[in-house]
Amino acid sequence: MKKLICICLILVLSLNLCSCGNPQTDEIDKKEKLVIAYQWGLAYAPLEIMKQKKLIEKHYGKDLDIEWKTCNGPAEIYEGILAGSIDIGHSGVGPFLINSMKTKQIKMYSAMSAQPMGLNTTDKSIQSIKDIGKDEKIAIISWGSIQHVMLAMACEKELGDAHALDNNMVTMSHPDGMQALLSGSVNCQLTTSPYFLKELEKDNIHEVKDVADAFPKDATIIVGAASLKFHDEKPDLYKALTEAAQEAMDFLNNNTDEAAKLLCEKEAVTAEKMKEFLTADGVCYDMKPHGTLEIAEFMQRAEFLEQAPTKLEQICFENLLQ
């Protein structure tokens, strides 16, 4: 009988312990979780400021567990948003337009930036896009990327065929593309800051200027996106996200010296060099999209898009329309 009572007491105690759970685990489970995906380069600098200064947490005002996920290309990002494994994604405006118009489930919560971007080469014989032969390789981040769109615009203008150099493209991340250019594995790279600017510091690298000349001046190249589901189901978190983005933009535009100190380590440059990058001609950090509909119109003409948006309401959430 005593043995039976002991067994019962042990069972009761065990059940009580299980029901109590792990306080630390329970606390983590109570936190709102947010997965933010982005890519390489200073076009994403507002996100690094948001991350380091914990601006989303500040504006949300509640427990928040944020995972910052660096991706090598846009496909992974938009697949994640649609699958629900990524909440907020950032990419070039080209992939954003393709995925927003195709799925009707994704819209822009913020533009991120305009940046210096262009085609660099180590080949002295290439002074114009017309000089690129069939054997020259062009490193580019992905098909349909904003760099691909820029190249297509230049090809249409200079060669009469937007896709004349598609077969020259080899896809790789911006850092890998820069290394491939420096090592001689590719002849050209179409990239953005800081890689574009770092490459031009080398004596044996020059820009093929008619490529960038074909692109709309000061157009937004990087945007942030969320699903309609996230926007509708988490309005407080969405609001905190947009407020944090605006604060990060203001910080970058008004506190360049301090921003350079926060950003220089990640890019392995001095704060002075980072300030040069942040204030270079063509840099603009602004939540409002610029030139997006013009780019979309070209993308439809060049068959990147089946149907281009005709107004921002089709691709942007309400905070960008005010």
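Tutor: Start with a convention: angles run from 0 to 180 degrees between N-to-C directions. The model is predicted.

Student: Which strands does α7 lie across, and at what angle does α7 run to β8?

Tutor: Helix α7 lies across β5, β6 (138-140), β7 and β8. Its angle to β8 is about 120 degrees.

Student: Where does α8 lie?

Tutor: Helix α8 covers residues 174-183 and lies across β5, β6 and β8. It runs at about 145 degrees to β8.

Student: How do the strands of a sheet pair?

Tutor: Through backbone hydrogen bonds, either parallel or antiparallel. Here, an open sheet of 5 strands has mixed pairing, in the order β7-β6-β8-β5-β9. From one strand to the next, the twist averages 40 degrees.

Student: In which sense do β5 and β8 pair?

Tutor: Antiparallel, over 5 bridges between residues 117-121 of β5 and 188-192 of β8.

Student: What describes two packed helices?

Tutor: The angle between their axes and the distance between the axes. Take α7 (residues 146-159) and α15 (residues 292-301): the angle is about 70 degrees, and the axes are 11 Å apart. Angles of 65 to 115 degrees count as roughly perpendicular, so α7 and α15 are roughly perpendicular to each other. Their crossing is left-handed.

Student: Which residues make the contact?

Tutor: From α7, I146, V149, A152, M153 and E156; from α15, I295, F298, M299 and R301. By class, that contact has 7 nonpolar, no polar and 2 charged residues.

Methods
Residues numbered from 1 in each chain as written. Predicted model: local features only at pLDDT ≥ 70, side-chain atom pairs only at ≥ 80, totals over all residues. Heavy atoms only, no water. Helix = DSSP H or I, 4+ residues; strand = E, 2+ residues; numbered from the N terminus. Parallel < 35°, antiparallel > 145°, perpendicular 65-115°, else oblique. Left-handed = near helix turned anticlockwise from the far one by under 90°. Contact = heavy atoms within 4.5 Å. Nonpolar A, V, L, I, M, F, W, Y, C, P; charged D, E, K, R; others polar. Pairing = 2+ DSSP bridges.
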